[in-house]
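Here is a briefing on one protein chain.

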Amino acid sequence: MNLTKISGISIVLLLCTTLLQAQQRPAEPAKPKPEAPATKTESKESGNLVFNPDQAVTTSHEVTIKGSRFPYKATAGTMPVWDEEGKTIAGLFYTYYERSDVKDRSMRPLVISFNGGPGSASVWMHIAYTGPVLLNIDDEGYPVQPYGYKENPYSILDVADIVFVDPVNTGYSRMMSKDGPRSKFFGVNADIKYLAEWINTFVTRNNRWASPKFLIGESYGTTRVSGLALELQESQWMYFNGVVLVSPTDLGIERGAPLDAALRLPYFAATAWYHKKLPADLQQKDLDAMLPEVENFTMNELVPAINKGGLIAAAERKAIVAKMARYSGISETVISQNNLDVSTNLFWKELLRDSGYTVGRLDSRYKGVDLRDAGDRPDYNSELTSWLHSFTPPINMYLRQELNYKTDFKYNLFGPVHPWDQSNNHTGRDLGDAMRMNPYLNVMVQSGYFDGACDYFNAKYNMWQIDPTGKLKDRMSFQGYRSGHMMYLRREDLQSSNEHIREFIKKSVLKPGTPARF
């Protein structure tokens, strides 16, 4: 898997049973009540913008979640990143939500949330998943106008406080100087190191050391939080109760070309099933009933066959090609021409070629139209184009109008962070080490079956390699959804995936006095 291409992206109804109409059309958020005057987050010197790395504004709101209405505070602001000498070298923008009717926070969970890219802001999970507001989209995740936002009746704010963090050069986060030390920010391990320091500052300033703590990351954010789980333990002496991996990357776990080629097939099968391109006997099965058959073939027959390369017998090769075609919706000719190694780009172009469409990379339910039907890859990511429609207006509207955060800086959905140092990525192993050292730490994986960038079967493979002894399996869980990279854009999955997080948090916060021991 090519992490440099992973979008960070690593992207929603009142549950009051007596008001069905309100359930289907959630109310607009209550008008904010500023607790401090709206503050410009930068000063002007000779007409130039000057970034303020340490400033915030707090507003008060209410939300109804699972039928209960309660108050909360939202703090939007920046907090410094310091170098070894205590000099401010950057400021990170964050949005912090906390229930204001909870007095004792010693057992109130804190969730620290990151998206991916690398180079992506936290906007996706912020206003489409776990936060208290939800952008305007239809029930399948497609953009609608007018753009805007409403209350999120599925938010996890009822059970946990949440802070959404934008790494350097994403969102409103910035380095203090364009000529600043980029090597301190833009790489797998540099990213983890400075964020661990920043989290320590955030937890200390907000008096959250006693709270049970959780990390959640999406896409490249899963690389980030997997590494942070160990870094926070070892360098900050901060121990967590749980890590949630949403659409995880390969976490630095080596596959090799043959294994990488084989592990794609279950995702191909899921996407072909969605677009009704499988044989009738497979198509009539439910997705959950069909996929185990493909997974067993992948691990027990396809992996050995690809590893044989040119040594494979002609009859075995023919049989393998036939089964791959049966499970993928791609012709035997195309599979054979590509030596059993059909790239994801070719699959996205080929599956619906006869109908004149491509399928999306991050969510293969989406269709695209290319200039030419010929070729071996789509012209563009049809799903990402759709999502940018939906997210850009509401995040800018919400931060400024609802949270009262005033700035002339641009909110970078995707920021300039490249080149990114991918060397020495051992974050999957780090997560396993953190679990082995911390008996409290649980892990949950959430994957969309139609995600072709960070596919669900590779996510399962990660789990097997993180825990090769099987001793941690009772502390690891997997949840699959009938959508893509941002499974929460589909309303049915938004509800179930948030409920899975809610249950995971409750399970991972033990009764007071329970010792951390094996």
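Asn136 sits in the loop between β9 (133-135) and β10 (149-151). The model is predicted. Asn136 has 17% relative accessibility. The cut-off for buried is under 20%, so Asn136 counts as buried.

- The side chain of Asn136 makes a polar contact with the side chain of Lys150, at 3.2 Å.
- Beyond four places in sequence, Asn136 is in contact with Val144, Pro146, Tyr147, Gly148, Tyr149 and Lys150.
- Pro146, one of these contacts, lies in the loop between β9 and β10.
- The peptide bond joining Gln145 and Pro146 is cis, with omega about 5°.

**Backbone geometry elsewhere**
- Most residues other than glycine have a negative phi, and most peptide bonds are trans.
- A cis peptide bond also runs from His418 to Pro419, with omega near 10°.
- Pro419 is in the loop between β17 (405-406) and α13.
- Asn207 is not a glycine, yet its phi is positive, near 55°.
- Asn207 lies in the loop between α3 and β13 (213-218).
- At 64% relative accessibility, Asn207 counts as exposed.
- Lys276 is another non-glycine residue with a positive phi, about 60°.
- Lys276 belongs to the loop between α6 and α7 (280-283).
- Its relative accessibility is 65%, so Lys276 counts as exposed.

**Nonpolar cores**
- Which residues touch the most other members of the largest nonpolar core? They are Ile199 and Leu215, in a core of 95 residues.
- Leu215 touches Ile112, Phe114, Ile199, Val225, Leu228, Ala229, Leu232, Phe240, Gly242, Val243 and Val244, leaving out residues up to four places away in sequence.
- A second core is separate and has 61 residues, among them Val63, Ile137, Val159 and Leu403.

**Helix α13 and its cover**
- Helix α13 spans residues 427-437.
- Its buried residues are Thr427, Gly428, Asp430, Leu431, Gly432, Ala434 and Met435.
- What covers these buried residues? The helices include α3 (188-205), α4 (220-235) and α14 (456-466).
- The strands include β14 (242-246), β18 (442-448) and β19 (476-481).

**Packing of α6 against α9**
- The axes of helix α6 (residues 265-274) and helix α9 (residues 314-328) come within 7 Å.
- The two axes cross at roughly 45°.
- α6 and α9 are therefore oblique to each other.
- From α6, the contact uses Leu265, Phe268, Ala269 and Ala272.
- From α9, the contact uses Met324, Tyr327 and Ser328.
- By type, the residues of the contact of α6 with α9 are six nonpolar, one polar and no charged.
- An α-helix has 3.6 residues a turn, so residues three or four places apart point the same way.

**Ala289 in helix α8**
- Ala289 is located in helix α8 (residues 287-308).
- Is Ala289 buried or partly exposed? At 48% relative accessibility, Ala289 counts as partly exposed.
- Ala289 and Leu228 are 61 residues apart along the chain.
- Their C-alpha atoms are separated by 36 Å.
- Leu228 is one of the residues that Leu215 touches.

Notes: Residues are numbered from 1 along each chain as its sequence is written. This is a predicted model: local features need pLDDT of at least 70, side-chain atom pairs count only at pLDDT 80 or more; totals for chains, interfaces and linings use all residues. Side-chain values use heavy atoms; hydrogens and water are left out. Axes are lines fitted to C-alpha atoms, for helices over the stretch in contact, and angles run from 0 to 180 degrees between N-to-C directions. Helices (H or I, at least four residues) and strands (E, at least two) are DSSP runs, numbered from the N terminus. Angles under 35 degrees count as roughly parallel, over 145 as roughly antiparallel, 65 to 115 as roughly perpendicular and the rest as oblique. Contact means heavy atoms within 4.5 Å. Ala, Val, Leu, Ile, Met, Phe, Trp, Tyr, Cys and Pro count as nonpolar, Asp, Glu, Lys and Arg as charged, and the others, Gly among them, as polar. A nonpolar core is a set of buried Ala, Val, Leu, Ile, Met, Phe, Trp, Tyr and Cys residues joined through side-chain atoms within 4.5 Å. Buried means under 20% relative accessible area, exposed over 50%, partly exposed in between (1.4 Å probe, protein chains only). A polar contact is a pair of N or O atoms within 3.5 Å; within protein, one must be able to donate a hydrogen and the other to accept it, and residues adjacent in sequence count only if both atoms are side-chain atoms.
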